[in-house]
Amino acid sequence: MKVTFLGTGAAWRLPEHSCDCAVCAKMRLSGEQRLRTSLLVETAERLLIDCGPDIQLQMKQANMVKPDAVLITHEHGDHFLGLDDLLVYKRSLPTDHWKPIPVYATTTAWRGIEARFGYLIGSLLEPRVAVPGTALEGLETSVTPFETFHGPSAAGSVGYVITSSTETGKAKLVYTSDFIDIPEEPEILREANILVMQSHWFNEPEFNRPFHMSFQKAMDFIHRWRCDASYLVHISDGEAIPDDLANSYMKKSKPQKPLAPPAGGSPYAPPRDQSEWQERVAEVARDFNLPGDVLVAYDGLVVEVGSDDERREKE
């Protein structure tokens with residue numbers, strides 16, 4: 001299983017245009033960007049997870065060919081508003097060679113998608129329903145959606161568990177997408193080769209209005225699920241950075257109780273760019289003895305996912 005992180009940012013991508021906050025300023029200085037979060041998973045098929053407004057640029061940067069299927073996690077714009085950009089694959093083929101791309105989403109999510117892209121259904125997109133707890137039909141790869149809670153504006157939100165056969169066993173990926181909690185935690189979420197976990201903030205904010213996951217809260221899931229490797233995505237610039245004059249901006253949130261070392265001492269400094277994120281996360285993972293490798297994904301990162309046999313060899 002090959003995984004390409006097409007984008008790792010939040011709804012407004014980073015750095016944000018016209019923003020001079022500490023995060024955006026540091027990222028510009030580092031020459032970094034984070035496009036909207038999207039993932040390409042290659043097994044026997046090419047599976048695109050979410051298709052946001054940056055997909056055209058992401059397809060170009062990854063030299064991506066037509067996906068065999070698209071998995072939509074929920075009906076927020078940064079996760080599906082790029083669907084019409086998939087028309088480039090249809091426009092460059094003879095008419096009799098084209099077949100619509102299967103797109104999976106929950107019934108609730110489909111209502112929002114159809115309201116925006118009804119004109120694409122049947123010609124570009126073939127709608128298929130994702131039912132939490134039931135493996136998707138029509139794919140060679142085993143894909144099972146699981147219910148997540150991402151607030152009232154995303155009532156049909158799901159994550160996906162993708163399992164594929166390898167020469168040495170099976171490889172399993174768990175993708176949470178955006179969420180603040182999971183109503184029920186099916187056993188299938190545990191002990192995957194790779195967990196892709198939302199981390200909108202480093203610290204849990206005082207008021208979690210957008211119903212997103214912070215790294216501080218994600219630590220509980222990482223502990224329980226015990227995956228070989230956890231990759232953080234959907235990183236934003238919404239956290240207040242100490243002494244930043246931009247902390248008064250509408251998007252900024254103060255931490256509820258800043259994460260600090262378990263042995264005591266000052267809280268960890270909230271990160272601003274990729275190097276600070278990875279340094280801080282590695283420090284926390286060591287101090288709190290988090291299982292597996294905990295890594296911060298970045299745009300363009302490619303990961304070859306291991307197998308169950310390789311897990312047993314490491315144990």
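In strand β8, the residue that forms the bridge partner of Ser142 is Thr163, and this pair belongs to the antiparallel pairing of strand β7 (residues 142–147) with β8, which extends over six bridges. Two strands are said to pair if DSSP finds at least two bridges between them, while the strands (E, at least two residues) and helices (H or I, at least four) are DSSP runs numbered from the N terminus. The model is predicted, with local features needing pLDDT of at least 70 and side-chain atom pairs counting only at pLDDT 80 or more, whereas totals for chains, interfaces and linings use all residues. Residues are numbered from 1 along each chain as its sequence is written, and side-chain values use heavy atoms, leaving out hydrogens and water.

On β8 there is also a pairing with strand β9 (residues 169–175), antiparallel and over seven bridges, in which Thr166 stands opposite Gly169 of β9. These two strands, β8 and β9, form a hairpin with two residues between them. Strand β8 (residues 158–166) is mostly covered, since seven of its nine residues are buried (under 20% relative accessible area, with exposed meaning over 50% and partly exposed in between, for a 1.4 Å probe and protein chains only).

Elsewhere, seven strands make an open sheet with mixed pairing, in the order β6-β5-β4-β3-β2-β1-β13. Because β6 (125–129) and β13 (302–304) stand at the edges with a single partner strand each, one side of each is left without a neighbour in the sheet. From one strand to the next, the twist averages 20° (angles run from 0 to 180 degrees between N-to-C directions, and axes are lines fitted to C-alpha atoms, for helices over the stretch in contact).

Helix α5 (residues 107–117) lies across β5 (101–105) and β6, and runs at about 125° to β5.

Finally, the reader may look for open space. The largest pocket is lined by 26 residues, of which Trp12, His200, Pro210, His212 and Lys251 lie nearest its centre. A pocket is, on a 1 Å grid over the protein atoms alone, an open set of points where a 1.4 Å probe fits, with protein on both sides within 12 Å along at least five of seven lines, and lining residues have an atom within 4 Å of a point.

Definitions and conventions
Contact = heavy atoms within 4.5 Å.
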